[in-house]
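Subject: Handover of a structure

Dear colleague,

Please find below the structure that I am handing over to you.

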Amino acid sequence: LWTYTSRNMDLRTPTDNIPFQSITAAKDNIEESIIRTPLIPLNYNVPGKQVYLKLENLQPIGSFKIRGAGNALANLSSEELKDGVYTASAGNFAQGLAWNARERGIPCNVVVPDHAPVTKLDAIKRLGGNIVKVPFDQWWEVIQTHQYEGMKGKFIHPVCDPAVIAGNGTIGLEIVEDLPDVDVVICPYGGGGLISGVSSAVKSLRTNAKVYACEVETAAPLKLSLDFGKPSTFNYIASFVDGMGGKSVLDSMWPLVSNLVDDSLVVTLQEVADSVKLLAERNRVVAEGAGAATVAAALSEKFSDRLSGNIVCVISGGNIDTNKLIQALEGKIPQ
């Protein structure tokens, strides 16, 4: 699936999970540069379930992506980093990489899709990242090919890099440490890097726990792929839920996600907007669409037959444009 050389950890061509020792090594690599985020109850009563929030929106960059980016750089030599790094990202991973690159004093370039929100672009610039904006289809090609012609530096894939996934997996370690009897974890699904890491960690420690992906109705390639039993292409439509979703499941990620994900829970744009509002009003938590989507899934009656007990929703980020947050607070679907 991957070929990968690491100085600090042994990641041998994973096929159906990320080795647990790689995740614990990642914890050591990044513990001084991240926040160990709290796990708190959702202030909303639902019969038969207790919903918890893993608040990755509280990271220095407002997103969990700082974990994977930090671990990826920790596993590269100074020679590999001499020309800096670059990535393709809708915003959050770019911030994570730019933040970690700045800490190391190396340049960072970012290829972003043309619908990337202003809040995230401004943050990338503040962190010293150089932005190259391209149409979505061209951006997706960079995600698929792992390269952008003419750009210098080491390419760090936001999803497929094993060190990135292992860094993401540290979230799973913390969830089980804080809630040993967790029954269900719900992660937003963009490319699979978050849920693959979290599920590898959680299922290593709590074998009977279920780990569900969450997708939005306008971008649900994983649900389609799981239904067909192979990577499939979805008719992607851009929306305010910009932190997750794509046109297809990456071929290189399919062996991992098909083994580690119990199913994908698809929610509507209105349900996501309502959950942005609910989180702000009940828990004073500002979540972007991708983060709030997990709460939408946890509270939806559509999935009540499989969601019970202790449920953890990963609030993946809080980088939402102010005008979109206001629209959600007004009960509207942000435009």
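In what order do the 6 strands of the open sheet with mixed pairing stand? The order is E1-E2-E10-E7-E8-E9. Before going further, please note that this is a predicted model, in which local features need pLDDT of at least 70, side-chain atom pairs count only at pLDDT 80 or more, and totals for chains, interfaces and linings use all residues. Residues are numbered from 1 along each chain as its sequence is written, and side-chain values use heavy atoms, with hydrogens and water left out.

The mixed sheet

Helices (H or I, at least four residues) and strands (E, at least two) are DSSP runs, numbered from the N terminus. Two strands count as paired if DSSP finds at least two bridges between them. Strands of a sheet pair through backbone hydrogen bonds, either parallel or antiparallel.

In the sheet of 6 strands, the edges are strand E1 (39–41) and strand E9 (263–267), each of which pairs on one side only. Neighbouring strands of this sheet are turned by 30° against each other on average, direction ignored; axes are lines fitted to C-alpha atoms, for helices over the stretch in contact, and angles run from 0 to 180 degrees between N-to-C directions. Strand E2 (residues 49–55) runs parallel to strand E10 (residues 309–315), and 7 bridges join them. Within this pair, Lys 49 is placed opposite Gly 309 of E10.

Helix H11 (residues 289–299) lies across E2, strand E7 (184–188), strand E8 (210–216), E9 and E10, and runs at about 160° to E10. Of the 11 residues of H11, 10 are buried, so this helix is largely enclosed by the rest of the structure. Buried means under 20% relative accessible area, exposed over 50%, and partly exposed in between (1.4 Å probe, protein chains only). The buried residues of H11 include Gly 289, Thr 294 and Val 295. They pack against E2, E7, E8, E9, helix H10 (269–283) and E10.

The parallel sheet

A further open sheet has 4 strands in the order E5-E4-E3-E6, with parallel pairing. Strand E5 (130–134) and strand E6 (154–155) stand at its edges with a single partner strand each, so one side of each has no neighbour in the sheet. Strand E4 (residues 108–113) pairs with E5 in the parallel sense over 5 bridges, and Val 111 has Val 132 in E5 as its bridge partner.

Helix H4 (residues 118–126) lies across E4 and E5, at about 150° to E5. Helix H3 (residues 92–104) packs with H4 at an angle of about 10°, their axes being 9 Å apart. H3 and H4 are therefore roughly parallel to each other; angles under 35 degrees count as roughly parallel, over 145 as roughly antiparallel, 65 to 115 as roughly perpendicular and the rest as oblique.

Two residues

Arg 67 is found in helix H2 (residues 65–74) and, at 0% relative accessibility, counts as buried. Leaving aside neighbours within four places in sequence, Arg 67 is in contact (heavy atoms within 4.5 Å) with residues including Lys 54, Glu 56 and Glu 174.

Ser 33 lies in the loop between helix H1 (20–30) and E1. Leaving aside neighbours within four places in sequence, Ser 33 is in contact with Pro 60, Ile 66, Trp 99 and Asn 100.

Yours sincerely
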